[in-house]
Every structure is written in structure tokens, then in C-alpha cells.
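Hi,

Here is the structure I promised to pass on.

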Amino acid sequence: MTQHLSYSVLDLSPVAEGFTAQDAIRNTIDLAQHAEGWGYHRFWLAEHHNMPGIASAATAVLIGLVAQATKTIRVGAGGIMLPNHAPLTVAEAFGTLATAFPDRIDLGLGRAPGGDGAVIRALRRDPMADSFPQDVVELLDYLGPERAGAAVRALPGEGTNIPVWILGSSLFGAQLAAHLGLPYAFASHFAPEQLEQALSIYRERFRPSPWGQKPYAVLAANVFAADDAGEAAYLRTTMQLAFARLRTGQPGKLPRPVRDIDAEIGAQMRQAVDGALRISAVGDRERVRDQLSRLVETYRPDEVILTGQIHDHTARLRSFEIAAEAASSLPPVRQAA
């Protein structure tokens with residue numbers, strides 16, 4: 001079977017060097033409004049804590065702001081780091097969002113804490129606890145059909161049946177999503193090593209459930225697009241530099257691009273970074289189109305979600321616009337069996 005894929009946006013609400021979190025939030029809302037006009041299907045935000053370069057820590061709050069400023073695009077979390085929260089709290093927050101914005105809210109769940117041990121303690125969570133599968137099931141119960149007589153109910157939340165996704169960068173999430181019959185998104189934009197194996201496990205082991213009758217897999221990819229291929233490569237150096245700094249324990253605001261990335265981080269680090277970021281499309285419209293086409297043909301996802309850490313907001317808008325143009329020109333693709 002062939003079909004046209006949906007393309008979506010994953011935004012970290014980046015705080016760029018020389019700018020503030022207020023600028024980042026304003027830019028996120030602006031990007032979401034443009035993405036809706038360009039035909040993107042979803043706009044997801046991710047939970048990170050204690051990160052100077054990311055303004056989406058209070059993810060549910062920012063989702064509400066984006067949903068309020070848009071009309072039709074689905075808005076959600078890619079994702080909420082469930083170990084940081086009681087399932088009831090998440091159900092109530094997203095139940096409120098789904099009540100205010102019916103049929104537009106998604107809830108992606110991650111197993112990582114989204115911060116270090118100090119962050120976990122500050123969130124008043126047990127750093128040794130690992131009850132992710134049980135917490136997911138509890139959350140699904142809160143958001144599912146009415147539970148009259150239950151000792152604890154998510155109100156609002158109950159009966160909203162918000163689409164719940166499992167997010168992952170390893171085989172664990174693939175197995176859990178398959179076991180529960182949930183849609184699955186793989187974080188291949190920064191951790192591609194187990195992408196092929198994870199998708200295979202997810203598809204082979206998927207069990208139909210009230211939340212899904214067949215597997216639905218999303219591929220995450222970076223995109224750095226510009227009208228000139230050289231300019232696109234230049235824009236990409238922001239992400240290369242930011243990723244190198246994160247790997248060496250120096251997180252900060254999203255850096256300005258540089259002309260010579262090897263001079264900044266060294267060839268060996270650049271090669272390591274490029275390996276981690278290899279699920280990317282970089283270049284002008286035709287190159288981005290060709291690279292997206294190859295990724296889709298290789299991994300046969302049901303949807304592609306694009307992210308792009310670009311310092312200049314205008315350039316970031318243009319990158320996603322070019323990517324939308326490239327994606328819309330792709331032919332229907334053969335889906336995984």
C-alpha cells in the first residue's frame with residue numbers, strides 16, 4: 001500500500017545566544033503559526049529542565065499557548081518525561097488542554113528524566129524509581145472511558161482519550177509501545193544507532209489495542225534548509241556546536257553559526273557529532289527533497305517529524321518552509337508491511 005506521509009515539527013523553543021526565553025517563546029508561537037499555514041500535521045514541544053538554551057520546561061503550559069495561537073494543527077508533547085510526574089498530574093494537565101482544544105492535543109511520553117540527578121531531586125522524584133510501564137498504564141486509565149466509582153479520577157481528563165505515544169531512543173520503548181498497542185516515535189534525530197532494529201521490533205510485536213489497531217511509527221529527523229546549499233551547511237553548524245558543547249558538559253544558549261566548525265570543536269568531535277546527527281536533511285530544496293526521500297524509502301515511517309536548531313529565527317522559518325515544499329513534492333510511498 002502507498003500513501004502520502006504527514007510531516008510534523010518538533011520544537012525545543014530554543015533560546016539563542018543574544019536573546020531571552022521570552023524571545024524563544026514568542027518565536028515558538030510564530031513558528032507554529034507558520035507551520036500550520038505550510039501544512040504541517042503536528043507541532044510538538046519537548047520537556048527539558050535546567051537547560052539555558054531551552055524554554056519548553058513547562059511543556060503543558062507552552063502547548064496551551066501554542067494551541068491558543070493556532071486553529072487546526074495538532075499540538076502536543078514530544079514528550080513529557082513521565083518519571084518526573086505523577087500520572088494523575090499529567091492526566092489532569094493534558095485533560096484540561098484536550099477539553100479546551102478538542103481533538104488537537106497529543107501526549108508523547110518519554111522514559112528519560114530530562115535532566116540530571118539534581119533536577120530529579122528538585123522535582124521531588126525518586127531517582128531510583130523505574131515504574132515507567134506501570135505509570136503509562138495508569139495514565140491511559142485516567143484518560144480513557146469514564147471510571148465512575150473509581151477512588152481517583154482525572155477531572156478533566158477522563159473520557160478525553162487523548163492519543164498517547166511512546167517516545168524512545170532504544171529498544172525498550174519499541175517493545176513497550178508494541179505491547180500496549182500505542183503509536184511510537186523514535187528519537188533518531190540525535191540517537192540513530194538502534195533506529196532500524198527498534199522499528200522492526202515495534203512492527204513485528206505490535207498488539208492491537210483500544211488505542212491502535214496497527215503500528216504507527218514516526219521518524220524524527222533534523223532539517224537545515226536554505227535557498228543555497230552552502231548557507232544550509234553554515235546554519236547547521238549551530239547544531240553541531242551545541243551538540244558538541246552538550247557532550248562535553250557545557251550546555252548553554254543556542255550558539256551562533258560558524259564558518260569553520262572544525263576549528264571550533266576539532267575534526268574528531270565533529271565526526272562524532274555528525275554520526276549522532278546523521279538522520280538529517282541539509283541543503284537547498286532539491287537536496288532536502290532527495291535526502292527526505294531516501295530516509296523515507298529506507299525506514300518506511302508512517303510520519304516524519306522534523307526539528308531544526310537554527311540560531312536566526314528568520315532562517316529557521318525559511319528552513320521549515322523549504323522542507324514543507326520539499327515534502328509536498330514527494331510521491332506517495334510504500335508502507336511497511
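Below is what I found in it.

This is a predicted model, in which local features need pLDDT of at least 70 and side-chain atom pairs count only at pLDDT 80 or more, while totals for chains, interfaces and linings use all residues. Residues are numbered from 1 along each chain as its sequence is written, and side-chain values use heavy atoms, with hydrogens and water left out.

Let me start with strand S4 (74–81); helices (H or I, at least four residues) and strands (E, at least two) are DSSP runs, numbered from the N terminus. Eight of the eight residues of S4 are buried, so S4 is largely enclosed by the rest of the structure. Buried means under 20% relative accessible area (1.4 Å probe, protein chains only).

S4 has parallel partners in S3, through four bridges, and in S5, through five; strands pair if DSSP finds at least two bridges between them. Trp44 is bridged to Gly76 of S4, and Ile80 to Leu109 of S5.

Helix H2 (residues 59–69) has Thr59, Leu62, Ile63, Gly64, Val66 and Ala67 as its buried residues. Among the elements covering them are H1 (21–38), S4 and H3 (87–100), where contact means heavy atoms within 4.5 Å.

Finally, the axes of H3 and H5 (residues 132–143) come within 9 Å and cross at roughly 40°; axes are lines fitted to C-alpha atoms, for helices over the stretch in contact, and angles run from 0 to 180 degrees between N-to-C directions. On the H3 side, the contact includes Pro87 and Leu88, and on the H5 side Tyr142 and Leu143.

Best wishes

Definitions and conventions:
Buried < 20%, exposed > 50% of the residue type's maximum accessible area, 1.4 Å probe, protein only.
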